[in-house]
Amino acid sequence: MSGRHLVLVGLMGAGKSTVARLCAPRLGRPLVDTDELAVTLAGRGFDDLWADGEAEFRRWERAAVADAAASTAASVIACGGGAVVDPDNRRALRGHGVVVWLRARPDTLAARVGDGAGRPLLAGDPLTALRRLARLREPAYEAAAHHTVDVDDLTIELVCERVLEIVRADDASRDLHEAQP
Ligand code: S3P
C-alpha cells in the first residue's frame, strides 16, 4: 500500500499548519488539523476546552489523533505541538504515517509566534516557554519522527518541497518493497 498519512510534528511556530495547507493540495490529500478536529469532536471551542485545564484539551486531542490516524484516506495531518508527548499518540501516528519533525530553534519559533496570542502555553514570555518546551519535548519529537527537517533557514515553500520529497521517497520505497515476492 502506498500513501500513508503525512504527519507534521514540532513545536508551536514551526510552520506545521502552513506547510500542511501547502502540501495537502499538491499531494491531492485531505488536510486534518488535530487542534481543529479536537474542537469539532468536543463540540466546544478551543478556549473553552483550555478553560477546563490542559488535561481536558489533551483528552480531546488524543481522540482527534486516534481518529485522524485511523482514517483510511491518506491525509496530511498537522499535529498540535504537544500531541506526540503522549506515547499512544506517537504509536498511532507512526503506525499509520510518515512522521516529519519540523525542527526549529526556540529563537526562530519565538520570532514567529509573536506575543503567543491564542497559545495558552506561551502566555507571558513565549521565548522562555519555548526554550523550556524544546528541552522537555525533544525526546518525544525524536521518538515520533521518521524524518527531521531543520526549518530555521528555509522559506515555507522550501520546507514544503523537502517534505514532499520525503513523502515521494517513502511512497516509492513502499511500492518497491511490496512489489518484491
Ligand atoms: C500546543 C500547541 C498548539 C495547541 C495547544 C497546545 C502545545 O498547537 O495544540 O495550544 O502543547 O505545543 P500548534 O502547535 O499548532 O500551535
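Mentor: Residues are numbered from 1 along each chain as its sequence is written, and side-chain values use heavy atoms, with hydrogens and water left out. Because the model is predicted, local features need pLDDT of at least 70 and side-chain atom pairs count only at pLDDT 80 or more, while totals for chains, interfaces and linings use all residues.

Trainee: Let's start with the rings. Why is the pair of F46 and F57 called edge-to-face?

Mentor: Rings of Phe, Tyr and Trp (its six-membered ring) pair if their centres lie within 6.5 Å; planes under 30 degrees apart are stacked, over 60 edge-to-face, and the rest tilted. The centres of F46 and F57 are 5.5 Å apart and their planes stand at 75°, so the pair is edge-to-face. By this rule there are 4 aromatic pairs.

Trainee: Where in the chain do F46 and F57 sit?

Mentor: F46 is in helix α3 (residues 46-51) and F57 in helix α4 (residues 54-70), 11 residues apart, and the pair links distant parts of the chain. Helices here are DSSP runs (H or I, at least four residues), strands are E runs of at least two, and both are numbered from the N terminus. F46 and F57 also form one aromatic cluster with W50.

Trainee: Is F46 called buried, partly exposed or exposed, and what about F57?

Mentor: Buried means under 20% relative accessible area, exposed means over 50%, and partly exposed is in between (1.4 Å probe, protein chains only). F46 has 23%, so F46 is partly exposed. F57 has 2%, so F57 is buried.

Trainee: Which residue lies over the face of W101?

Mentor: That is R103, at 5.1 Å from the ring centre. For a charge to sit over a ring, NZ of Lys or CZ of Arg must be within 6 Å of the ring centre and within 35 degrees of the ring normal.

Trainee: What about the cysteines? How many disulfides are there?

Mentor: A disulfide is a pair of cysteine sulfur atoms within 2.5 Å, and by this rule the count comes to 0. C23 is in no disulfide: the nearest cysteine sulfur, that of C160, is 3.1 Å away. For C79, the closest cysteine sulfur is in C23 at 14 Å, so that is too far for a bond.

Trainee: Are C23 and C79 buried or exposed?

Mentor: C23 has a relative accessible area of 0%, so C23 is buried. C79 has 2%, so C79 is buried.

Trainee: On to the ligand. How many residues surround the ligand?

Mentor: There are 15, and the closest are K16, D35, R58, G81 and R137. A residue is near a molecule if one of its heavy atoms lies within 4 Å of it.

Trainee: Which backbone atoms does the side chain of H5 contact?

Mentor: H5, in strand β1, reaches the backbone oxygen of A69 at 3.0 Å. A polar atom of the H5 side chain also lies 3.0 Å from the backbone nitrogen of S75. H5 has 4% relative accessibility, so H5 counts as buried.

Trainee: And where is R4 found?

Mentor: R4 is in the segment before β1 (5-9). A polar atom of its side chain lies 3.4 Å from the backbone oxygen of G97. At 12% relative accessibility, R4 is buried.

Trainee: Is D115 buried or exposed?

Mentor: D115 has 61%, so D115 is exposed. D115 lies in the loop between α6 (106-113) and α7 (126-144).

Methods:
A polar contact is a pair of N or O atoms within 3.5 Å; within protein, one must be able to donate a hydrogen and the other to accept it, and residues adjacent in sequence count only if both atoms are side-chain atoms.
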